[in-house]
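Dear colleague,

I am pleased to hand over the structure below. My findings follow it.

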Amino acid sequence: MPSTTTELMDVTPMIAARKLYKRFGRAEVLKGVSLTIDKGEVIAVIGPSGSGKSTFLRCLNHLEVIDAGEIVIEGDTLVDTDASGCCRYAPEPELRRICRKMGMVFQQFNLFPHLTVLQNITEAPITVKGLSREAVIPQAEELLRKVGLLEKRDAYPARLSGGQKQRVAIARALAMEPDIMLFDEPTSALDPELTGEVLRSMRQLADERMTMLVVTHEMAFARDVSTRVVFMDEGEILEARAAREMFASPAHPRTRAFLEHML
Amino acid sequence: MTIQTRIGRRLVGVARHDGMTYFLEILQPLLEGTGVTLHVFLLTLALSVPFGLGLALLRLSPWRLVGRVVNGYIWLMRGTPLMLQMLFIYFALPFVPVIGVRLPDFPAAIVAFVLNYAAYFAEIFRAGIQSIERGQYEAAKVLGLSYGQTMRRVVLPQVVKRILPPMSNETITLVKDTSLIYVLAMNDLLRAARGLVQRDFTTMPFVVAAAFYLLMTLVLTWGFQYLEKRHAVYDD
């Protein structure tokens, strides 16, 4: 039966989000968002600011708590809603185990300023996985080589440019060997001339078939790298289609208006 | 000591009050006083820093009632004189029902100092912890760190750097506040000096005591400067 098992695992979506609702006070930021992401997909989430893109992303790894809906990560239920409309999260250890399958890169980098570049990368493998320093350093150096920053291994984050910081942040997330990478506007805080190096690292990751969900304003990246583009507006997904189709002939008038404005 | 020898010693003291002999003579009691001062200082510091950190973490905990109780405690401890607290613990606590115990003078002083200073340290820690950006907690969380790991490995190391200047202030104040224990008739540096001044009619012991205090605060200042320098390897 092993072949059946493998097949079954292959069709299990990496992320299945169903009817997510989220409000901040009076403002309803997610109004029933559903999205299923398969292994190896690179999804670009685009849309005007305030459309709920980042909130959606942050709900997936429990940085925000949803009000209703269901999130299943690789077949494990992170949260579901019972018949009475009550939202139930997995118990704490299970919750952390599920969330650890997702790495995340933030708009503001959020590197640990008191640790060197190398320590930023080795911190979680040592503290969370309990690996020895000697075991994780070669892996961390390999990741640094991959993002082209090996020579900065002993520098502190404050000494790096924005683009370098973001590449370290990518390496730091990858060090935990996640199955899914979430990017929350990874280039929005960068000077325009520095976005290229970050996007190159992300493109490299996509080429390695990493499952990625990228909230971005980089239309070129959405068009060229992503397999699917999701357009969000006012807390709803209006369209989710293959990148080429989406840019060639957007179906929804609001998508069209947005793309015309951006391109 | 007989009255004759006391008068004799006093005359010697007066006759040579600017001399080396007198200095060496008062050195012994002043050093003993310094020992008491340092004892109170170090014990208070060692106990009130962890206690203050615990208070700060409780104050920031999601349980609102706990936070309020800690707030009330801090208000009480900062809102009444340390000397009053010390007198209360020494003289009044034995008569308080249930928790009432009679403490000897030294433990009573330590308890009062620790309870009082922990309140001040708690506020320094709270401000430091709250100054750490939310992004740091989020980065730690998505990497899988637990709350305890986030505090130990990410937040508190950064807090230490930010609170060094106010901690240095508070610690130096503590050195001098130890002189309050004279109300429990303990012979700290200042009380020893005052005793000598009253015995020998010379202000030299005060000058020596001042020099001792300055020496202690100088060591502390250097210590904190060293720590600040060590933490200056990175910028926020």
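Which residue of E5(A) is the bridge partner of Ile73(A)? The partner is Asp76(A). Please note that this is a predicted model.

The two strands concerned are E4 (residues 68–73) and E5 (residues 76–81) of chain A, which run antiparallel and are joined by three bridges. Both belong to an open sheet of five strands in chain A, ordered E2-E1-E4-E5-E6 and paired in antiparallel fashion. At its edges stand strand E2 (27–37) and strand E6 (87–89) of chain A, each of which pairs on one side only. On average, neighbouring strands of the sheet are turned by 15° against each other, with direction ignored.

A helix also packs on this sheet: helix H2 of chain A, covering residues 53–60. H2 touches strand E1 (15–24) as well as E2 and E4 of chain A, and the direction of H2 makes about 120° with that of E1(A).

I turn now to the interface between the chains. Here, 18 residues of chain B are in contact with 18 residues of chain A. On the chain B side, the elements that give two or more residues are helix H6 (134–142) and helix H7 (147–177) of chain B. H6(B) gives the most to this side, with six residues.

With kind regards

Methods. Residues are numbered from 1 along each chain as its sequence is written. Chains are lettered from A and ligands numbered from 1 in the order in which they are written. This is a predicted model: local features need pLDDT of at least 70, side-chain atom pairs count only at pLDDT 80 or more; totals for chains, interfaces and linings use all residues. Two residues are in contact if their C-beta atoms, placed from the backbone, lie within 7 Å. Helices (H or I, at least four residues) and strands (E, at least two) are DSSP runs, numbered from the N terminus. Two strands pair if DSSP finds at least two bridges between them. Axes are lines fitted to C-alpha atoms, for helices over the stretch in contact, and angles run from 0 to 180 degrees between N-to-C directions.
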